[in-house]
Amino acid sequence: MSAVPVAPAKLVVEGVGKRFDGDDGEAVVALAGADLTVAPGEFVSIVGPSGCGKSTLFNIVAGLTRPTQGRVLLDGEEPASLLGRVGYMPQKDLLMPWRSVLDNVTLGLEMSGVSRRQARARAQEELGRFGLKGFEKRWPSNLSGGMRQRAALLRTFLAGRELMLLDEPFGALDALTRQTMQEWLLDVWQADRKTILFITHDVEEAVYLSDRVYVMTGRPGSVQLCLDVELPRPRRFELHGSPEFVALKQKLLTPLHEASRRQLDAVVG
Amino acid sequence: MSALPDQQQPAAAGDQPRSGLADPPQTGGRSGARGRKVAAHVLPPLLFALAVLAIWQLGVRLADTEESTLPAPTQVFSAMWEIRDLLLDNAWVTIKEIAIGYVLAIVLGVGLAVLLCSSLLAERAMYPWLVVSQMVPIPAIAPILVIWTGFDMRPKVIVIALVSFFPIAVNTIDGIKSTEPELLNLLKTLGAGRWKRFWTAQLPSALPFLFSGLKIAAALAVIGAVFGEWVGADAGLGYLILTLNNQVATSEMFATIIVLAAIGIALFGLVQLAERLMLPWYHAGRKESNS
C-alpha cells in the first residue's frame, strides 16, 4: 500500500469483509478484507473484474449491508448506521418513470424534508450544469441514456452528501457518450470538489478520472494494489495518448490480467 | 387472474434526446391522419355490430320466429323505448348498488394488499385464504346475506364487493412487489423510512397494476349486482329481468340486458379515463416505445 494521505480522511475502510451464509449451510465469502482511505475532496476509483466484491463493498459503505468483519469510519468516526450519510448512485439510473425529471432530481432533498418549492429552486440552479435545462418537465422515458445518467448524478449531487459513491455510472453508455460524460464529470467535480468513490471495470476510465486507484481482484475479493495517479488537472481527453497515462494504465492492467488469467486457468484446469 | 400491464422502458443510449412526439405527419396533415386513425379503430367494430344485427333481423324474419323466443333487433329497440321510464328507475337502483359495492371493493382490495405487503407474516397467514375466498361461489352465499341483512341494498352491495375485490387485491399485491429493489435501496440511502418508501416508490409502482385489477373488477361488479338482486329485491335491473321473465316479455328482457351492459361499459370507461388522467407517464412511455 502506498501513500496514505495526511489530511483527516473522509472515509476509512479497515479490514472490511463480508460472508454470506448460504442455504446449504456453506458460507460464501464475498469480500475477504478490504482496506482503503479516501481524503476529503479526493476522487478515488476501485477497479476490478465482476465478482470481486466491489459492489458488496459499496453496499457496506452505503450502509445497505453490514460487514461481518472490519469497520467503516466516516470523518474519523464509526457511525451507528451509514444510511442517509453517504450519497449513492447505483449502476441503474433508477429514475422513477412516474416523476418528471425535475421531481426525480429533487428526490434526495425531498427525503431530507426540504420543501418542494425550495427543492425545485435548488434544482433549477443546477439544471444547466447537468445539461438538463429545458428537459425538466419531461418524463424520464423521453430522455437519452446520457441524459438519464446525468439526471441520476444530479439527484445524487443535490442530496448534498460530502461523500458520493458512484457504481459504474457510465457502464451502460456507448463508448463515445461515455468519454464525453467522463470529461463532463471532471468539470462538475472540479467546481465543488466533493469526495467521490467511483467503481468501474474500465482501467482507462479509472486513470483518467482519479487521484488514486485501488485494484481489487479474486474470489473472495480483496484490495491488491493502490496506485497514485499524479497526472496534472484539469485533464482533457488528449491525455489518453500521453506516455504517463499509458504507463499507469499498464501498471493497473498487469495485476488485473494476471488475476483473470489465474481464474481462467483454474477453470480450464 | 392478475393481468400484468406490459411495462416497457425504452432504453436509449446516445446523447440525442428522443422526441416525445409521434411519427411525423403523413400526407393530408396531422388532423386528417388522426381522423383516419380514429376511423380505423371505430369503424370496424361498428360495421361488424351492424352486420350482426342485420343478419339477426333477417334471420328472425325469414324463420318467422315468435317474438317471445327471439325478438328481432327492431322489436328490442322499440320495447326499450316503451319501457324507458321503468328501465331508468330500475337502472338508478342498480347503479347505486354498483357504485357503493365497487368503492367498497377498492377499499377492501387495496387495504388488504397494503396489509399483506406490509408484513411477511400477514402475507403468509392470509394469502392462501384470499385465494380460497374466491373458490366460494359468492352468489351462493347471497341468500345467507339476505337472512342476515334483509331485503334492502346491503346484501347486493356486499355481493358486489365480494366478487370484485379479489382482482383488485391480487393486482395491487403484484404491483407493490414489482417495485425495483434497487430503488428501495436508493431511498434507504437517502434516509427514507418505511412509509416514505411506500408512498414514493411502492404505491406509484403498483398503480398500473391496480388499474388492470379495477378494469376486471368493473365487469365483475355488474355480474354481482344481477346475482344480488336475483336472490331478493324489489327493484333494480336484475329484479326487472326476473319479473319480465315471468311475463315472457322477451323483447323487454333483451332491452334490460342492453342497459346492464351499458352500465358495465360505462364503468370500464370511467376507470380507463381515470387511468389516463392519473398515469400520464405510463401512456407517454407506451406511445414512445410503440412508435
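Two residues are in contact if their C-beta atoms, placed from the backbone, lie within 7 Å. In this predicted model, residues 24 or more positions apart account for 70% of the contacts in chain A with a separation of 6 or more. Chain A has eight helices and nine strands. Along the principal axes, the C-alpha atoms of chain A fill a box of roughly 60 × 45 × 40 Å. Of the 269 residues in chain A, 46% are buried.

Helix α6 of chain A spans residues 175-192 and has 18 residues. From first C-alpha to last, α6(A) reaches 27 Å, close to the 26 Å expected at 1.5 Å a residue. Its buried residues are T177(A), R178(A), M181(A), Q182(A) and L185(A). Seen down the axis of α6(A), these buried residues fall within an arc of 140°, so they line one face of the helix. The face of α6(A) turned away from the buried side carries exposed residues, namely L176(A), D187(A), Q190(A) and A191(A). After α6(A) comes R193(A), with a positive phi near 45°.

Backbone geometry was examined next. Most residues other than glycine have a negative phi, and most peptide bonds are trans. In chain A, the peptide bond from R233(A) to P234(A) is cis, with omega near -5°. P234(A) lies in the loop between β9 (221-228) and α8 (243-268) of chain A. E168(A) is a residue other than glycine, yet its phi is positive, near 40°. E168(A) sits in the loop between β6 (163-167) and α6 of chain A. A residue is buried if 20 or more other C-beta atoms lie within 10 Å of its own. E168(A) counts as buried because it has 20 C-beta neighbours inside 10 Å.

Chain B supplies another case. V248(B) is not a glycine, but its phi is positive, at about 50°. V248(B) is found in the loop between α9 (237-246) and α10 (250-278) of chain B.

UniProt, in an unreviewed entry, places the feature "domain: ABC transmembrane type-1" at residues 91-271 of chain B. In the model, this span of chain B is 87% helix and 0% strand. The end C-alpha atoms of residues 91-271 of chain B lie 20 Å apart.

Confidence was considered last. The model scores ipTM 0.89 and pTM 0.82. Chain B has a mean pLDDT of 86, and 87% of its residues reach 70 or more. Confidence in chain B is highest in helix α3 (residues 84-118), at a mean of 96. In chain B, it is lowest in helix α11 (residues 280-290), at a mean of 66. Over residues 1-28 of chain B, pLDDT stays under 50. For residues 1-28 of chain B, the model has 55 contacts beyond four places in sequence. Where pLDDT is low, the predicted coordinates should not be read in detail.

Terms used. Residues numbered from 1 in each chain as written. Chains lettered and ligands numbered in written order. Predicted model: local features only at pLDDT ≥ 70, side-chain atom pairs only at ≥ 80, totals over all residues. pLDDT = per-residue confidence, 0-100. Helix = DSSP H or I, 4+ residues; strand = E, 2+ residues; numbered from the N terminus. Expected span 1.5 Å × (residues − 1). Buried ≥ 20, exposed ≤ 12 C-beta atoms within 10 Å, placed from the backbone. Arc of directions from axis to C-beta. UniProt positions renumbered as here; feature names shortened; annotations may be inferred.
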